[in-house]
Amino acid sequence: MKKNHVSIKDIARLSGVSVATVSRVINENGRFSEETRQKVNEVIQKYQYETNSIAKSLRMSKSQTIGVLVPDINNEFFSVIVQKTESFFFKQGYSTIICNTAKDAEKEREYLKTLDGKMVDGLICISGQEELSAELLKRPIPIVCIDRRPKINTNVAFIESNHYEGGFLATEELINKGCKEILLLTKQNNLSSVNERLHGYKDALQKHGLYPSDDRLVAVRNDGPTLETAQAAIERVFEKKLRFDGIFATNDWLALGALLALQKYGVQVPGEVKIVGFDNDTISQYCNPPLTTIEQDKETLADKACNMLLRMLNGEKMEREQHYSVPVRLIQRSTT
């Protein structure tokens, strides 16, 4: 008998047990002795029997796969979370299907339908669109969202960094270092997570008797490379002759673009203008000077998301949305 050509009936005959018993051993459910388990597994290993995963998925309504929706796999923050998610679930016996949506709403909807068709057991969704269109799913599978709030409110967990705290800490760092005219550098059409950073910025100003003004809210286009659009935005601020002595950028690439623009105009950082970024991406350590920034705890975000989804996959039901906020921290370097 050729290896890889055996059927479950062959395994049963060679093991001297019933087909039902072989099925219970393979699926690890039901009652059977340790002696039976060893006998069946020896035959399986000898003949290199592999289960038909598609048939098994249909039979058990489980595929041992999870889906991950990510808006930009090139983004360091997202890629770290995806990598840790894949590693976590691989150790739990799950395969991971990673879908890069490119922040495209239609592409995300198509991926959701595809993942549903592949019978994924659960989803981890990272921010891209403001809300997850989970109504596209035909099955009530568990979902964990990172930095985005889904439209549904059952069998779902919502995990995010404390973005308000981050915006507050960043702005107060600038104020404590003597800044009084602080630009907010961000993107147009922000998600709620970045808008929370904006709220933190405004509240920190007001706490110290300073007030935000519209001309100091600098929003760059979403349709271009972040570094170049940020640099161009700060150059336009110079052209308008707007005075400022500090910049809070809502991500590190925006901050680096601002730094390059300041250096082009011969402005000393941190002597004349101070900068704080957000995310603590690798670039923040190696730009010159190294960037003061707000660190999102990627490891904790990924760990909480994975453990919550695993609990849901194992049968823990939630009657309402579970919301977890992960603290951030200020990383002081040389731009403040």
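1. Buried residues of α5. In this predicted model, helix α5 buries Phe-77, Phe-78, Val-80, Ile-81, Val-82, Thr-85, Phe-88 and Phe-89. The cover over these residues includes the strands β1 (65–70), β2 (95–100), β3 (122–126) and β4, together with helix α12 (298–313). An α-helix has 3.6 residues a turn, so residues three or four places apart point the same way.

2. Length and ends of α5. The helix runs over residues 76–91, and its 16 residues should span 22 Å at 1.5 Å a residue; the end C-alpha atoms lie 23 Å apart, which agrees. At its start, a side-chain oxygen of Asn-75 comes to within 2.9 Å of the backbone nitrogen of Phe-77. After the helix comes Gly-93, with a positive phi near 90 degrees.

3. Met-312. This residue belongs to helix α12, one of the elements that cover the buried face of α5. Met-312 counts as buried because its relative accessible area is 5%, against a cut-off of under 20%.

4. Asp-147. The residue sits in the loop between β4 (143–146) and β5 (156–161). A polar atom of the Asp-147 side chain does lie 3.5 Å from the backbone nitrogen of Ser-161. Leaving aside residues up to four places away in sequence, Asp-147 touches several others, among them Phe-77, Ser-127, Phe-158, His-163, Ser-193 and Gln-296. Phe-77 is also on the list of buried residues in α5.

5. Helix α9. Residues 226–239 form this helix of 14 residues, which reaches 20 Å from first to last C-alpha, close to the 20 Å expected. Its buried residues are Thr-226, Leu-227, Thr-229, Ala-230, Ala-233, Ile-234, Glu-235 and Val-237. Among the elements covering them are β6 (182–187), β7 (217–220), β8 (246–249) and α10 (252–264). Lys-241 follows the helix and has a positive phi, near 60 degrees.

6. Salt bridges around α7. The structure contains 10 salt bridges. In one of them, Glu-172 pairs with Lys-207, with the closest N and O atoms 2.9 Å apart. Glu-172 is in helix α7 (residues 163–176) and Lys-207 in helix α8 (residues 192–207), so this pair ties together parts 35 residues apart in sequence. Glu-172 is buried at 14% relative accessible area, while Lys-207 is exposed at 55%. Glu-173 and Lys-177 form another salt bridge, 3.0 Å from N to O. Here Glu-173 is buried at 6% and Lys-177 is partly exposed at 36%.

7. Glu-181 and its partners. Glu-181 meets Arg-243 in a salt bridge of 3.9 Å, N to O. The pair ties together parts 62 residues apart in sequence, because Glu-181 lies in the loop between α7 and β6 and Arg-243 in the loop between α9 and β8. Shared partners join Glu-181, Arg-216 and Arg-243 into one salt-bridge network. Glu-181 is partly exposed, at 23%, and Arg-243 is exposed, at 61%.

8. Whole chain. The secondary structure amounts to 12 helices and 12 strands. Of the 336 residues, 48% count as buried. Among contacts with a separation of 6 or more, 69% join residues 24 or more positions apart.

Key. Residues numbered from 1 in each chain as written. Predicted model: local features only at pLDDT ≥ 70, side-chain atom pairs only at ≥ 80, totals over all residues. Heavy atoms only, no water. Helix = DSSP H or I, 4+ residues; strand = E, 2+ residues; numbered from the N terminus. Polar contact = N/O pair within 3.5 Å; in protein donor to acceptor, adjacent residues only side chain to side chain. Contact = heavy atoms within 4.5 Å. Buried < 20%, exposed > 50% of the residue type's maximum accessible area, 1.4 Å probe, protein only. Expected span 1.5 Å × (residues − 1). Salt bridge = Lys/Arg side-chain N within 4 Å of Asp/Glu carboxyl O.
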